[in-house]
Amino acid sequence: MHDFAWSAAALETHPAAVCQLHEDYIQAGAEVLTTNSFSTARYVLAGSGMEDKVRRLTLRSAQLAREAREKAAGERPVYVAGALSAYGVARHSPPDSALRDSYREQAQLLAEGGVDFIFLEMLGGKFDWIRFAMEGALTTGLPIWVALSSQPSQTGAGAMGLDGGDE
C-alpha cells in the first residue's frame, strides 16, 4: 500500500495479486467485481508523484478484473464495475474544477477499459463530491450503481451525515 496512492500502486507492483483476488472473489460466488481504481483518480495520483500513470493504472484496473473474469467465471455471468470513490478528496483538497475533471477522466478511462457499469463507492463527504462523480459517470453512457457512506450527522441535519453546504 502506498501512503498517498493507497491501493493504486498495487496495479503496478503486484498485478498478479490483484488479479488473483478478483479470481478468489469469483470462486467465492461474487457476481460483481469492482476494479482496483478506488484511488487511481488524478487528484490522488498527483499527490503521490504518480500523476503520469493515471491512464495506465486506471486501464490496468479494468484489464485485471476482466482477465480474472475470463479465467474464473466460466459460463456464470460476472460483471465488472468501474469504481470511482471520494478517496483522498479531503486529504488532497483539489479545487472543484479539478475534482470534476478527475472524475470525468477516470470514468471515461474505465469505460474505455471495458467495464460493464460505473460504481460510485464510498462517496461520503460533501454533496458536490457526489454530484461531480455522478456527472463524470454519466458521460460514459454506462449504467451507474451508487453506494453512499453514511454516518451520524454532527449537526443533526441530513440523515446521511453529508455536508450539503449552502445547498
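This dialogue explains how to read several features of a predicted model.

Q: What kind of model is this, and how are residues numbered?
A: The model is predicted: local features need pLDDT of at least 70, side-chain atom pairs count only at pLDDT 80 or more, and totals for chains, interfaces and linings use all residues. Residues are numbered from 1 along each chain as its sequence is written, and side-chain values use heavy atoms, with hydrogens and water left out.

Q: How many helices and strands does the protein have, and what pattern do they follow?
A: Helices (H or I, at least four residues) and strands (E, at least two) are DSSP runs, numbered from the N terminus. The protein has seven helices and four strands. Along the sequence they follow the pattern α-α-β-α-α-β-α-α-β-α-β.

Q: What span should helix H7 have?
A: The expected span of a helix is 1.5 Å times one less than its number of residues. Helix H7 (residues 127–138) has 12 residues and should therefore span 16 Å; its end C-alpha atoms are 16 Å apart, which agrees.

Q: Which residues of H7 are buried?
A: Buried means under 20% relative accessible area, exposed over 50%, and partly exposed in between (1.4 Å probe, protein chains only). In H7 the buried residues are Asp 128, Trp 129, Ile 130, Phe 132, Ala 133, Gly 136 and Ala 137. For the protein, 46% of its 167 residues count as buried.

Q: Where is Ile 118 found, and which residues does Ile 118 touch?
A: Contact means heavy atoms within 4.5 Å. Ile 118 is found in strand S3 (residues 117–121) and counts as buried because its relative accessibility is 0%. Leaving aside residues up to four places away in sequence, Ile 118 touches Gly 82, Leu 84, Ala 107, Leu 110, Ala 137, Thr 140, Leu 142, Pro 143, Ile 144 and Trp 145. As for the protein, 79% of contacts between residues at least 6 apart in sequence join residues at least 24 apart.

Q: How many aromatic pairs does the structure hold?
A: A pair of aromatic rings is described by the distance of the centres and the angle of the planes. Rings of Phe, Tyr and Trp (its six-membered ring) pair if their centres lie within 6.5 Å; planes under 30 degrees apart count as stacked, over 60 as edge-to-face and the rest as tilted. The structure holds three such pairs. In one of them, the rings of Tyr 43 and Tyr 103 have centres 6.3 Å apart and planes at 75°, so the pair is edge-to-face. This pair links distant parts of the chain, with Tyr 43 in helix H3 (residues 42–46) and Tyr 103 in helix H6 (residues 96–112), 60 residues apart. Both Tyr 43 and Tyr 103 are buried.

Q: What is the geometry of the rings of Phe 119 and Trp 145?
A: Their centres are 4.9 Å apart and their planes are at 40°, so the pair is tilted. Phe 119 lies in strand S3 and Trp 145 in strand S4 (residues 144–146), so the pair ties together parts 26 residues apart in sequence. Phe 119 is buried, with a relative accessible area of 9%, whereas Trp 145 counts as partly exposed at 42% relative accessibility. Ring pairs link Phe 117, Phe 119 and Trp 145 into a cluster.

Q: How many salt bridges does the structure hold?
A: Side chains of opposite charge can pair when their charged atoms come close. A salt bridge is a side-chain nitrogen of Lys or Arg within 4 Å of a carboxyl oxygen of Asp or Glu. The structure holds 12 salt bridges, including one between Glu 112 and Arg 55 (2.4 Å, N to O). Glu 112 lies in helix H6 and Arg 55 in helix H4 (residues 54–72), so this pair ties together parts 57 residues apart in sequence. At 49% relative accessibility Glu 112 counts as partly exposed, and at 43% Arg 55 also counts as partly exposed.
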